[in-house]
Each structure stands twice: as structure tokens, then as C-alpha cells.
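Notebook open, structure loaded. Today I'm looking up strand pairing and a few charged contacts.

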Amino acid sequence: MPSLLPGESDANPASTLIAQTAITAFLLAPLHSGTLGDLVMWTECELIQWIDAAVKKLARTAGIFAGRSLDTVTAQGTATYALPAQHISTLHASYDARPLRPASTGELAARDSKWQTRQDSPQRWYQDAIGLGLIGLAPVPDDAQPLWIIYHGWPQTVDCAGANTTVPLLACLEPYIELEVIAAAYTKEGDGYAPDIAQAARSLAGIYEGAARAYWGPVG
Amino acid sequence: MNLAALEKRVWERLEQDPLAPVTPEPVVLHALNQAYLTFVLLTLCLEKTATITLAAGKPIYGIRNLLPDYLRPLRVTSGDPVARLRPCSFRDLDALDTRWQDTNLSANPVDPPSRYFTVGCNLFGVWRQPTADVSADVTYAYLPPPLAAGGDVPLTPEEYHESLVKFALVWVRLPEGAGELAKVTPLLGEFLADAAKLGGYVKARSVAAAYDSLPFEIKAADISRLVKGIVAKGAADAKPAAG
């Protein structure tokens, strides 16, 4: 059973997962098709890619998807560690179950000119000036201890190959996915190009984005 | 009003014979369900209380695993005598107890759970962790099952059932282009105004009950801007008719 995000403590029950095939079936009517085989101006794979893009857009827009990574263990003398694969922004980090405070590299340099090499029990975490996908600890860990991270992320990619075919989304936000796919479909150049429909769908989708941000907060 | 009556109203508003409609029944059913769930999302008008077990030495849960229809938390109570768990942030937890995630040290035989937090639509945590399994009553806004059979009645207040018809009409007309959509776009404004009205009532009731979540606030100006935007932009971008 797929979990919402890697490391999450409890998997989502099957009843809370939305099947990609159900979403594409709902999309046939607004795309003026009876079956997937009837789609002329779009392909099934395009619909799946737009579903995935919509889920990721929602994940960037509102903090709906949150996960907890328990997999990282620090190493003595190593300052930076890989963030979870589907990480967007860090909400909380702890070293040896003790909370770390967020900091910038500028702040760390102002506090300690040897912050990049001094080893001790970490007190702060940072993500600036080390590229994407990494979290840094200061002081540099002097021991092997668990590094726990609670973060906003995106769920597993829904792909055309069928490796993952479900979205762990609330049913009340499924209309958002449909609207985003309709907007993407009708902005594709070709005979199906209909910017008026796309614009209307995007405007409607904004209602769901607003509600999601209000309930679950922004991301980043 | 049950599902069959709602579907009939949609077809009648579309000038279609309900006995031989042009718009297929599954399409109308889906549109009504989208309206139903959207209305619940915007108003948080459905609430229930369920009992969950807070396990010893476990700070964080996947709440949808325990309550599959969970939408937003309203109130959490636990203990004997019953006490309310207050919502808190990570900053609060760090200030209260730096070992709040530690499954060995955060538990305290004297202090029962007194705080809870939620992150995203699924992560739910408590502090302190109980030393033995205890039950907690979670009052929460929930998502109803979709309408399926003709006799199913939406659980939203009956005086707002007509609102579902309005949104369903917008949903059905959406892929038909600016011309058709312009005819029903005012109904979207009415749907959102209805949701705002019920949301205002739910909000007042939730404030009085000191609930932890309030409905999304829909402002009249936002509704007006949205409706005008769809119509104006749609009309401006519409492709000229052939010939």
C-alpha cells in the first residue's frame, strides 16, 4: 500500500486514494470523448502527465502533503545530508530527537567563523548556499545520531508506465485535478485549442487553491 | 431533495427531457458530486465525533488511516476527567519539551496528552505521548461519501441543495466554450454566495464552540471578480465561429 510520502509513519488506507483511471474516466466527457480510444486531440499519457502536474502544482501551492523522514543518520564530520526525495520545504528538523533551529549561512558565519568545520552536537540547520536537495547542520555532527525531518512534499509521481496509479488526495480536491487537466488540454496547440475553456477552468481551480491554502497553509 | 430529484433539475435547467436527456446521467451525477464535495470543502458544514486510540510512545499518526473521511480537526479531547487537547505548532512543542518526538523520554505517567498538532491533510501528533494506550475523541469536519443511488440525499442542509444544481450546471457547461458558459456563470456566483452564507453560519457556530478550524472565508468581492473574470476573459479569448 503506497504511503503519502517516504518515511511517513502510517500508510494511507486504500479508501483514501484516488485512482488515476477514475480521474481520466471523469475527464472523457469534458474532452468530448466516450472512451480513451476516442480521444483524438490528446493521448491518455498526456492526461496522466497533466494529472501528475496538477498534483505537484497543488503540492507547491498549499501544504496538503506532509511527510516525516526517519531514515537519515548523521556521520561524524559530515555537515550536509540528502533531503527526502519528494521534499519541497523543511518544516522541522531534529538531531537525536532534539529540535534544531533554522538558520542561514550568513547567520552561522556571523556566530562562528569556523562553523563549517567545528564539530559538536548540532544546534541549527540550514539549506541556503549548499544547492538543492541538501540540508546542512551546524556545528558539524560529532556523532552518528538520527536526523528526523518533517517536511512538505509531493506524493509519488503518477506515470504513464503505471508504476504508480493512485493519488493520496482528499476527494474534495479531486475537482481541482480535473480542472487543471482540462485547462492543460485546451491550451495545447492544435484543433483542441480553446483558451476560453482553459481560462474558465483555471479560474475555477483557483477556488480550490484558495481553500487549500486557507486550511493547510502555504508552502515554503 | 434526493439525487434523482437533483439530476432532474439539472436536466430541466439544460432544457433537456429528463426521460431522454442529451447529457448522460453519469456526467450529471459526477457534476453533482463535484458540487457536493466542493460545498462541503468550502463550508466545513459536516462534522462528527469519533474515538481514536493514542498509542503509548507514539507521537505522530496518519490520521486518515484512523479516520478515512477526515477533513479538518475541530476539537480533540482525552483523559479522565475529560480534558481538551489544545492545538499547537512545532515552535510551541519545541518550547514545551525539546524531546517531544522521543518515544522514550517524552511520555510522562503523570501528565496526560494536552496538545495536538496537524500538518498537511494527514499528519497528526500529540504531546505528551501517553505511557499506556488511551482513547481520544476527535470532533472533525468530514467528507461525505459521494451520491450514488437515486434515493441518496446530500447531507448538506436541504435549503442549500439547489446550490448543488447551480454548480453542477457550471461543471457541465464548462467544456462547451465561452458562449454556453456565459449563460451559467452567474450561477457560479450564486453557488459561492450560498457557500459563503452557510460558511458564515458555520464560522459563527464554530467560534462559539471554540473549534480549532474555521471555514474558508469567501469574500463577495472575490466572487464578483471570479465570475466577471471568467465571462470577460472567456468572451475575449473565444475563437471566432467558423465561416
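Started with strand β4 (residues 87-95) of chain A: β4 pairs with β11(A) in the antiparallel sense over 7 bridges. I picked out one position there and found Ala93(A) partnered with Ile149(A) in β11(A). This is a predicted model, so I'm treating every value as computed.

Next I checked β2 (residues 66-73) of chain A, which also runs antiparallel to β11(A), joined by 6 bridges. Gly67(A) has Tyr151(A) as its bridge partner, and Ala66(A) sits opposite His152(A).

Put together, the chain A strands make an open sheet of 4, in the order β2-β11-β4-β5, with antiparallel pairing. β2 and β5 (98-99) are at the edges with a single partner strand each, so one side of each has no neighbour in the sheet.

I looked up Lys57(A) with Glu180(A), at 3.1 Å, N to O. That pair links helix α2 (residues 44-61) to helix α4 (residues 174-187) of chain A, 123 residues apart. Glu180(A) is buried at 7% relative accessible area, while Lys57(A) is partly exposed at 24%.

Asp102(B) comes out buried at 9%, and Arg99(B) counts as buried at 12%.

How values were computed:
Residues numbered from 1 in each chain as written. Chains lettered and ligands numbered in written order. Predicted model: local features only at pLDDT ≥ 70, side-chain atom pairs only at ≥ 80, totals over all residues. Heavy atoms only, no water. Pairing = 2+ DSSP bridges. Helix = DSSP H or I, 4+ residues; strand = E, 2+ residues; numbered from the N terminus. Salt bridge = Lys/Arg side-chain N within 4 Å of Asp/Glu carboxyl O. Buried < 20%, exposed > 50% of the residue type's maximum accessible area, 1.4 Å probe, protein only.
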